[in-house]
Amino acid sequence: MAEDLYSQMAQTVIDGELELAEELARKGLAAGLSPGDILDKGFVKGIEEVGDLFGKGEFFLRSWCRARGHEGRRCRSAARARQDEGRPQDDGQGGAGTVAGDIHEIGKTIVCSMLSAAGFTVTDIGCDVAVDTFVEKVKEQKPDLLLLSALLTTTMPNQQKTIEALKAAGLRDGVKVMIGGAPTTRAWADEIGADGYSEDAIEAVVTAKQLLGVG
């Protein structure tokens, strides 16, 4: 039953069926499935499939944007369902974005999904985010954690620039900064003064909890 539900959840992402997705999320919770599994084995699999199809030229841009937008709402629906089940999101507040010059965001979207399922309140800042925008978001929202994604070696330096800008604005001590993305490494995180690094979405949740001392 669980595998069938996960498959149906994934398909709702591909088809853009928001109402059915919410119904399946609640059905999964009622059946005893964890919010993390519902996202990781269900909806995230769907968004990964959409990404693969898009990369092969088998999925049109309009459909890709629609699926990605619905995925964000599904994550919020899963989070609301989690709260309805008596598991409040209280592990911390975070913000996540892909740095300036980089339009990749599927990895960042998946990380936001996993963090939300794990109990964090997460603001998706978007992709191609300017350094100054990150600084303003931190100033306005005062998140516990800021996640900076870079999928290109040419945009990795903007992770460092963002950290330096936070220092210059007097905000660095008030927020933990975690980086990720295909070309990034733990050594790079140490070099630029990031507090943490994650190789994938699962590790991102573990690292975030360690950094904030929760869970």
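**Ground rules**

This is a predicted model, where local features need pLDDT of at least 70 and side-chain atom pairs count only at pLDDT 80 or more, while totals for chains, interfaces and linings use all residues. Residues are numbered from 1 along each chain as its sequence is written, and side-chain values use heavy atoms, with hydrogens and water left out.

The pLDDT is the predictor's confidence in each residue, from 0 to 100. The chain averages 83, and 80% of the residues score at least 70. Over residues 60-66 the pLDDT is below 50, and beyond near neighbours in sequence this stretch has eight contacts in the model (a contact means heavy atoms within 4.5 Å). Where pLDDT is low, the predicted coordinates should not be read in detail.

**The layout**

The chain has nine helices and five strands. These are DSSP runs, numbered from the N terminus: helices are H or I with at least four residues, strands are E with at least two. Of the 215 residues, 49% count as buried, where buried means under 20% relative accessible area, exposed means over 50%, and partly exposed is in between (1.4 Å probe, protein chains only). Among contacts between residues at least 6 apart in sequence, 69% join residues at least 24 apart.

**Strand 1 and its partners**

Back to the strands, which pair if DSSP finds at least two bridges between them. Strand 1 and strand 2 are parallel and share seven bridges; strand 1 also runs parallel to strand 3, with five bridges joining them. Here are two of the bridge partners.

| Residue | Bridge partner | Strand of the partner |
|---|---|---|
| Gly92 | Phe120 | strand 2 |
| Gly97 | Leu148 | strand 3 |

Seven of the eight residues of strand 1 are buried, so this strand is largely enclosed by the rest of the structure. Together, strand 1, helix 5 and strand 2 form a right-handed β-α-β unit. Right-handed here means that, with the strands pointing away from the viewer, the path from the first strand over the helix to the second runs clockwise.

Strand 3 also holds Ser149, which is buried with a relative accessible area of 11%. Leaving aside neighbours within four places in sequence, Ser149 is in contact with Gly97, Thr98, Val99, Lys108, Gln159 and Gly180.

In soluble globular proteins, nonpolar side chains tend to be buried together. A nonpolar core is a set of buried Ala, Val, Leu, Ile, Met, Phe, Trp, Tyr and Cys residues joined through side-chain atoms within 4.5 Å. In the largest one, with 30 residues, Met9, Phe43, Leu115 and Leu147 touch the most other members. Helix 1 (2-15), helix 2 (18-30), helix 3 (35-55), helix 5 (106-117), strand 3 and helix 9 (201-212) each supply at least two residues of this core. Helix 5 gives the largest share, six residues.

Take Leu115 as an example: setting aside neighbours within four places in sequence, Leu115 is in contact with Phe120, Val122, Leu147, Ala204, Val205 and Ala208. Apart from this core lies another, of 23 residues, including Met156, Ala165, Leu166 and Ile192.

Which residues of helix 6 are buried? In this helix (residues 131-141), they are Val131, Phe134, Val135 and Val138. They cover an arc of only 100° around the axis, which puts them on the same side of helix 6; the arc is that of the directions from the helix axis to the C-beta atoms. On the other side, Asp132 and Glu140 are exposed. The buried residues of helix 6 pack against strand 1 (92-99), strand 2 (120-129), strand 3 (145-149) and helix 7 (157-168).

**Two residues with positive phi**

Lys142 follows helix 6 and is found in the loop between helix 6 and strand 3. Lys142 isn't a glycine, yet has a positive phi of about 50°. At 61% relative accessibility, Lys142 counts as exposed.

Asp128 isn't a glycine either, and has a positive phi of about 55°. Asp128 lies in strand 2 and, at 42% relative accessibility, counts as partly exposed.
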